[in-house]
Structure formats: structure tokens, C-alpha cells
Amino acid sequence: MSRPRRLARALALLLFCLAAWPGASSAAESLIELEPGIVTQGQVVLLKVCLPGQAFEAQALRARFLGQEAPLVRGVGGCWVGALAADLNASPGPHEIEVKAGEMTLARRQVKVAAKDYGTRQITVAQKYVAPSREQLDRHQGEMERQRQAYSTLDPVPLWRGPWLAPLDAEVVGIFGRRSLVNGEPRSPHGGVDLRGGVGTPVRAPAAGRVAYLEDTYFGGITLLIDHGLGLISGYRHLSEAKVGPGQEVRQGQVIGLVGMSGRVTGPHLHFDMHLMGARVDPLAWVATSRRLALMLGGS
Ligand SMILES: [Zn+2]
């Protein structure tokens with residue numbers, strides 16, 4: 001690189017960092033574009049930040065939000081692109097998004113997290129069916145810990161291109177986010193969608209990725225998690241059979257398992273869920289949003 005160009009780049013970086021200093025500038029705030037401009041519990045927003053010059057080309061940028069750091073990647077026009085989400089239980093109100101390179105904050109923006117009521121249902125069942133034994137609870141805790149590890153060891157780079165597909169073209173029989181009161185006691189909200197399907201119906205990878213977890217769990221039965229990169233992990237539960245193994249790379253449309261009724265279920269269906277940096281998000285809404293992200297990333 002020529003000396004004047006190097007100087008220009010250093011100056012651009014200096015001015016940029018000054019602008020990004022806390023409270024110094026509204027320009028740094030306006031650098032972060034969000035789609036949509038509000039974050040709803042259980043939903044994904046797309047983030048775009050266009051930085052002057054090429055000063056950060058070699059550095060990995062991240063967007064810090066709600067205690068998590070989502071990776072950003074270069075998209076169309078050289079702007080940085082990523083996805084953020086608020087978990088179903090994220091606290092509503094104003095929160096800050098910070099775009100960081102290392103420990104340096106390059107841009108920040110306030111955004112509102114909006115509460116969403118996905119509905120509540122009351123269920124009454126015999127007590128012996130809702131109180132797992134100590135042994136069953138211990139088993140569940142171990143399984144949850146291994147799943148949390150899968151959610152926190154993510155590939156920062158997207159492993160897929162283009163829009164996603166639904167894993168099963170079927171009717172939704174259990175909606176995302178609905179809360180349950182079982183014998184009057186609140187349970188965790190439904191973290192995915194239940195799709196109708198008979199035992200043995202093929203389940204297809206909605207996008208390319210890598211198998212991050214496979215275990216026959218107490219509640220979820222045969223459970224498969226696929227890391228797609230960029231902070232996204234999709235999950236498939238109650239399978240009768242998995243057709244892929246841990247660490248295996250999968251391509252879009254590949255049969256990854258078969259619908260079943262393993263685990264704690266009353267009938268066969270596919271529970272399909274999605275985590276973005278550990279936050280539970282509406283998987284079918286994400287399938288629609290992925291079209292927009294594909295355009296921002298320059299995918300087909
Ligand atoms: Zn479910």
C-alpha cells in the first residue's frame with residue numbers, strides 16, 4: 001500500500017473511532033441499520049453496518065446485544081451484515097447494540113425490545129405425569145448442559161447460501177412461543193414449532209450446516225442440532241431415527257432424520273426449533289427472513 005493511502009486509512013480509522021466514542025456522536029449511532037427497527041421477543045432482526053474505508057477487513061467484527069456477541073460478515077457493497085435476536089424471555093425495554101472489533105466499540109445504537117404475547121394454554125394432567133423423578137431430572141440437566149455447549153461453540157461464518165426451506169412441508173400443530181400452565185404452574189414457553197408428520201416422514205436440512213449434537217434425550221427424544229454458522233443452530237426433536245452423525249456436514253434438502261414420537265410426546269410430530277446466539281427464535285419466521293439476509297449477503 002502507498003504511504004498516502006496508508007495515512008488516509010489511518011486517518012479514516014482515527015476519525016471513525018472518535019465518532020464511535022461513547023456519547024460523542026449521533027453519526028456513529030446512525031451507522032447501524034436494523035430490519036425491522038425494533039426487536040421482538042422470539043424474533044430475528046437483521047443488522048447492517050457500513051464502515052468507512054477498508055480498515056477492518058482482516059478483523060472479525062461482532063455485534064454485542066443482550067450479553068451475547070453475534071458474528072458479522074461482509075455482505076453486498078462491503079457492508080457488515082449479521083443477525084440478532086431477543087430470547088422469548090428477554091426483558092422488554094431499551095437495550096444497546098454495540099459493534100465491536102476486539103475491545104474497540106465502532107458503533108452503538110439503542111433499540112427497543114418489545115414483548116410479544118404468543119398465547120397461554122392451561123393443561124390439567126395427573127400429577128404423576130408432570131413430576132419427573134430425581135434420576136430423570138439429573139439426566140435432563142446433563143442433556144441441557146451438552147446442548148448449551150453446542151449453542152456456545154458456533155461457527156462464525158455462514159455455512160449456507162441462499163434462502164432456507166422448511167424441514168417438512170406440513171401443517172403447524174403446535175405454535176411457537178405459547179406458554180403453558182400445567183396444573184396451574186407455569187412451564188417454559190414452547191421454544192419451537194410442532195409440524196404434523198407420520199412416523200418415518202423424511203426431515204430435510206433447511207440449509208447447509210454441520211451436525212453439532214445428537215442424543216436420545218429424556219424430553220426431546222432423538223434430538224439433532226445443526227450449526228449453520230453466523231450464530232444459527234437449528235434443532236429437530238422426537239425423531240424416530242437420525243440419518244446423519246455428529247460432526248457430519250449436511251447440504252440443503254438432505255434427509256437428516258425421520259419424524260417419530262421419541263421422548264415425552266403424545267403423538268408423532270417434528271419439533272423444529274432455532275437458536276440464534278442461544279436465543280430461542282421463531283424458526284418459520286426465520287425461514288422467511290433468510291430470503292432477505294440472502295440478498296444482503298449476496299447469495300442467490
Ligand atoms: Zn414442540
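**Figure 1. Ile-123 is bridged to Val-182 of strand β12.** This predicted model counts local features only at a pLDDT of at least 70 and side-chain atom pairs only at pLDDT 80 or more, whereas totals for chains, interfaces and linings use all residues. Residues are numbered from 1 along each chain as its sequence is written. Strand β10 (residues 120–123) pairs with β12 (residues 179–182) in the parallel sense over four bridges, where two strands are said to pair if DSSP finds at least two bridges between them. Helices (H or I, at least four residues) and strands (E, at least two) are DSSP runs, numbered from the N terminus. Val-182 also stands opposite Glu-185 in strand β13, and the pairing of β12 with β13 (residues 185–186) is antiparallel, over two bridges.

**Figure 2. Asn-183 and Leu-230 are non-glycine residues with a positive phi.** The hairpin formed by β12 and β13 has two residues between its strands, and Asn-183 lies in that loop with a phi near 50°. Asn-183 counts as partly exposed because it has 14 C-beta neighbours inside 10 Å; a residue is buried if 20 or more other C-beta atoms lie within 10 Å of its own, exposed if 12 or fewer, and partly exposed in between, with C-beta atoms placed from the backbone. Leu-230, whose phi is about 60°, is in the loop between β17 (221–229) and β18 (232–242). Leu-230 counts as buried because 23 C-beta neighbours fall inside 10 Å.

**Figure 3. Strand β16 pairs with β17 and with β19.** Seven bridges link β16 (residues 209–217) to β17 in the antiparallel sense, with Glu-215 opposite Thr-223 in β17, and a hairpin connects these two strands through three residues. The pairing of β16 with β19 (residues 249–250) is likewise antiparallel and extends over two bridges; here Gly-209 has Val-250 as its bridge partner.

**Figure 4. Asp-194 is a buried residue of strand β14.** The strand that holds Asp-194 spans residues 192–196, and the residue counts as buried because 22 other C-beta atoms are within 10 Å. Leaving aside neighbours within four places in sequence, Asp-194 is in contact with Val-172, Val-173, Gly-174, His-269 and His-271, contact meaning that the C-beta atoms of two residues, placed from the backbone, lie within 7 Å. From C-alpha to C-alpha, Asp-194 and Leu-270 are 5.5 Å apart in space, although 76 residues separate them in sequence.

**Figure 5. An open sheet of four strands has the order β1-β3-β7-β6.** The pairing in this sheet is antiparallel, and its edge strands, each of which pairs on one side only, are β1 (32–35) and β6 (73–74). Four bridges join β1 to β3 (residues 44–49), and Glu-33 stands opposite Lys-48 in β3. Helix α4 (residues 283–297) packs on the sheet, where it touches β1, β3 and β7 (80–85), and its direction makes about 10° with that of β3; axes are lines fitted to C-alpha atoms, for helices over the stretch in contact, and angles run from 0 to 180 degrees between N-to-C directions. The peptide bond between Glu-35 and Pro-36 is cis, with an omega of about -5°, and Pro-36 is found in the loop between β1 and β2 (39–40).

**Figure 6. The largest nonpolar core has 65 residues.** A nonpolar core is a set of buried Ala, Val, Leu, Ile, Met, Phe, Trp, Tyr and Cys residues joined through C-beta atoms within 7 Å. The members that touch the most others are Leu-47, Ala-83, Leu-84, Ala-85, Leu-224 and Leu-276. This core draws at least three residues from each of domain 1 (3–114) and domain 2 (120–283), with domain bounds that come from an automatic or database domain assignment. Beyond four places in sequence, Ala-85 is in contact with Gln-43, Val-44, Leu-276, Met-277, Ala-279 and Val-281.

**Figure 7. The protein chain comprises four helices and 22 strands.** Of its 300 residues, 37% count as buried. The average pLDDT of the chain is 88, and 86% of the residues score at least 70, pLDDT being the predictor's confidence in each residue, from 0 to 100. Over residues 10–27 pLDDT stays under 50, and for this stretch the model has 18 contacts beyond four places in sequence.
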